[in-house]
Amino acid sequence: MGEKKEGIIGWLGEKGTYFYILIMLVVFPLFYTNGLFNLCKDKEDLFLFVTFIYVCILVPVFIKWVYNLRKERTKCIRADVVFGVILLLALFMSTIFAIDSRKSFFYSTARMINGLCVLGCIIVFFAVRQYGIFDGIILWGWLLGSSLIYLIGILCACGINVVHIQDGIKDSQKPIYLTPLGHADLNTCYVCLMLPLIMVMYMICKEQFSQILHGINIYLGFLFIFFLKTDSVLIAMVTGFVVLLYFAVEREVWFGRYMQIMGMYLGAKITIWALLYMYGESLYPFFDLGEFLLNGNLILGEAGIYLLMIGINKAKKDCLRKGLLIIRKIALCVGIGLAICFVMGVIYANLNKSSIQENSFWNYLVVKDTTFNRRGFIWNRTVYTFINEPFWRKLFGNGLNCFREFIAAGGTVSLEELTFNDPHNEFLQMLSDMGILGVIGYFGLLLSTLIRALKSWKQNELQVAVALTLCVYMIQGLANEYSIFYLPLLCIFLGLANGSMTKNESNSVENT
């Protein structure tokens with residue numbers, strides 16, 4: 001009888017988690033009630049409603065867990081659990097010490113996220129970690145939801161107001177408000193979270209039908225990336241290609257699929273170039289890095305190099321992959337070394353910027369107000385304000401959704417008619433919201449998951465998707481913020497990733 005009850009409780013947890021994840025993958029990104037107006041409240045209400053039902057379903061599971069807690073004491077506590085608990089503690093401490101505790105926990109403004117929603121995200125992480133299973137059903141939901149978002153964004157970028165998402169907004173706003181996820185920055189965060197996993201699934205999948213569906217999603221995703229017109233998404237995805245190449249050279253089949261993915265990327269660029277040539281007046285203009293990458297001469301050059309690489313690899317019997325495999329670790333060490341030098345150089349230059357001359361090399365590493373589409377202005381303001389806060393504020397933060405009040409202590413929050421509601425940088429946002437404690441919990445969770453995936457990817461090839469997704473996500477996070485629009489999806493992903501790795505490690509121990 002006891003085994004039957006345990007089975008029922010386990011079944012309830014697994015099926016409830018399936019139901020919840022599918023709603024969040026498909027319904028949540030697409031849901032809105034009044035076009036682009038009230039989007040933040042729509043996402044918040046849906047997330048809290050669905051999460052409340054999910055938590056209610058898990059009440060019997062939680063009671064069973066508490067009952068068996070004494071048996072769990074002997075088990076090793078994983079790093080992701082420790083960092084998840086630290087993040088939970090940081091949430092409560094930041095709310096207690098918030099500039100406005102009630103606003104911090106219950107209300108959201110602009111694109112921000114409140115403490116109640118973050119609490120829901122942390123609970124979801126632990127629940128999905130325990131009962132989530134990444135299988136075909138979840139994958140199809142992942143494909144369906146993201147493909148619909150990409151398609152809506154592509155059509156709106158071509159001047160077709162599909163599902164009336166752009167009704168009532170100014171013409172000047174239409175190029176940056178393309179989907180039910182709102183602003184281009186938020187769509188950037190979403191695609192950097194959703195697309196890398198499908199790229200890896202395309203590389204490792206064995207069924208041809210699945211490969212075709214993954215390929216369609218990837219092609220739409222690449223089109224969507226260019227139509228977003230944000231430099232951060234392009235930089236993040238280019239970095240993703242480099243990271244994916246590190247894994248792809250491991251096997252001949254993987255490398256062949258990687259070359260196909262690069263072909264899809266090139267095909268997406270050629271498609272947009274052709275659309276610009278034929279229907280240029282109907283498309284919103286491209287600028288900055290996107291305009292450069294869509295230059296006709298550059299595309300022709302890339303196409304030539306791509307065809308040459310394919311020809312060499314086939315004629316010389318996989319010589320290109322084998323050569324890259326030999327230098328892979330050396331290239332990795334060099335890349336890490338250059339990244340560390342760059343970070344240290346940026347820190348040095350900005351700490352000594354008052355004494356650096358304009359014609360000096362170090363001046364290029366100084367973060368100015370105009371840096372990265374004028375994000376430098378708010379980055380400098382955020383750092384200055386944080387440094388001048390009392391220690392207890394540094395440790396526990398100012399509370400979620402209180403950034404405008406926090407930054408007001410450092411002076412103006414606008415630059416040339418631009419108003420900043422957040423620092424456009426996840427690290428700085430977490431510092432101002434939940435302080436050093438929050439940074440440890442949040443980035444500790446991300447990095448511990450990444451490290452576990454890198455350690456186990458040769459035993460479980462699906463962990464390549466975890467590693468690639470987190471690398472791409474954290475790169476874009478240097479220029480964007482976490483919000484209600486996709487943070488729940490990130491927590492679901494982290495729960496699935498850590499739960500899968502924990503189960504695999506447990507099974508390996510049992511089999512030895």
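The model is predicted.

We begin with helix packing. Two packed helices are described by the angle between their axes and the distance between the axes. Helix α16 covers residues 371-387 and helix α19 covers residues 426-456. Their axes are 10 Å apart, and the helices pack at an angle of about 20°. Angles under 35 degrees count as roughly parallel, and α16 and α19 are therefore roughly parallel to each other. Their crossing is left-handed. On the α16 side the contact is made by Trp379, Thr382, Val383 and Phe386, and on the α19 side by Leu428, Leu431 and Ile436. Sorted by class, this contact of α16 with α19 has six nonpolar residues, one polar residue and no charged residues.

A second pair is helix α9, residues 184-204, and helix α12, residues 252-279. Here the axes come within 8 Å and cross at roughly 135°. That angle makes α9 oblique to α12. The crossing of α9 past α12 is right-handed. From α9, the residues Met199, Tyr202, Met203 and Ile204 take part in the contact, and from α12 the residues Trp254, Arg257, Gln260, Ile261 and Met264. The residues of this contact of α9 with α12 divide into seven nonpolar, one polar and one charged.

Helix α10 runs over 208-228 and helix α11 over 231-248. The axes of α10 and α11 come within 9 Å and cross at roughly 145°. Phe222, Ile225, Phe226 and Leu228 of α10 meet Val233, Leu234, Met237 and Phe241 of α11. The contact of α10 with α11 has eight nonpolar residues, with no polar and no charged ones.

What lies in the loop between α10 and α11? Lys229 has its place there. Is Lys229 buried or exposed? Its relative accessible area is 10%, so Lys229 is buried. The side chain of Lys229 has a polar atom 3.2 Å from the backbone oxygen of Phe227. Leaving out residues up to four places away in sequence, Lys229 touches Tyr284, Pro285, Phe286 and Phe287. Lys229 can also be compared with Asp288: the two are 59 residues apart in sequence and 8.3 Å apart in space, C-alpha to C-alpha.

Another loop joins α8 (136-157) and β1 (177-179), and Gln166 is found in it. Gln166 is buried, because its relative accessible area is 4%. Which atom does the side chain of Gln166 reach at 2.7 Å? The side chain reaches the backbone oxygen of Tyr177. Setting aside neighbours within four places in sequence, Gln166 is in contact with Leu36, Cys156, Asn161, Lys174, Tyr177, Leu178 and Tyr284. Tyr284 is also among the residues that Lys229 touches.

His164 lies in the loop between α8 and β1 as well.

At 6% relative accessibility, Gly132 counts as buried. Not counting residues up to four places away in sequence, Gly132 touches Thr17, Ala127, Leu496 and Lys503. Gly132 and Leu220 are 88 residues apart in sequence, and their C-alpha atoms are 27 Å apart in space.

With a relative accessible area of 5%, Thr51 is buried. With which side chain does the side chain of Thr51 make a polar contact? The partner is Tyr20, at 2.9 Å. Apart from residues up to four places away in sequence, Thr51 touches Tyr20, Gly120 and Val124.

Note on methods
Residues are numbered from 1 along each chain as its sequence is written. This is a predicted model: local features need pLDDT of at least 70, side-chain atom pairs count only at pLDDT 80 or more; totals for chains, interfaces and linings use all residues. Side-chain values use heavy atoms; hydrogens and water are left out. Axes are lines fitted to C-alpha atoms, for helices over the stretch in contact, and angles run from 0 to 180 degrees between N-to-C directions. Helices (H or I, at least four residues) and strands (E, at least two) are DSSP runs, numbered from the N terminus. Angles under 35 degrees count as roughly parallel, over 145 as roughly antiparallel, 65 to 115 as roughly perpendicular and the rest as oblique. A crossing is left-handed if the near helix is turned anticlockwise from the far one by less than a right angle, and right-handed if clockwise. Contact means heavy atoms within 4.5 Å. Ala, Val, Leu, Ile, Met, Phe, Trp, Tyr, Cys and Pro count as nonpolar, Asp, Glu, Lys and Arg as charged, and the others, Gly among them, as polar. Buried means under 20% relative accessible area, exposed over 50%, partly exposed in between (1.4 Å probe, protein chains only). A polar contact is a pair of N or O atoms within 3.5 Å; within protein, one must be able to donate a hydrogen and the other to accept it, and residues adjacent in sequence count only if both atoms are side-chain atoms.
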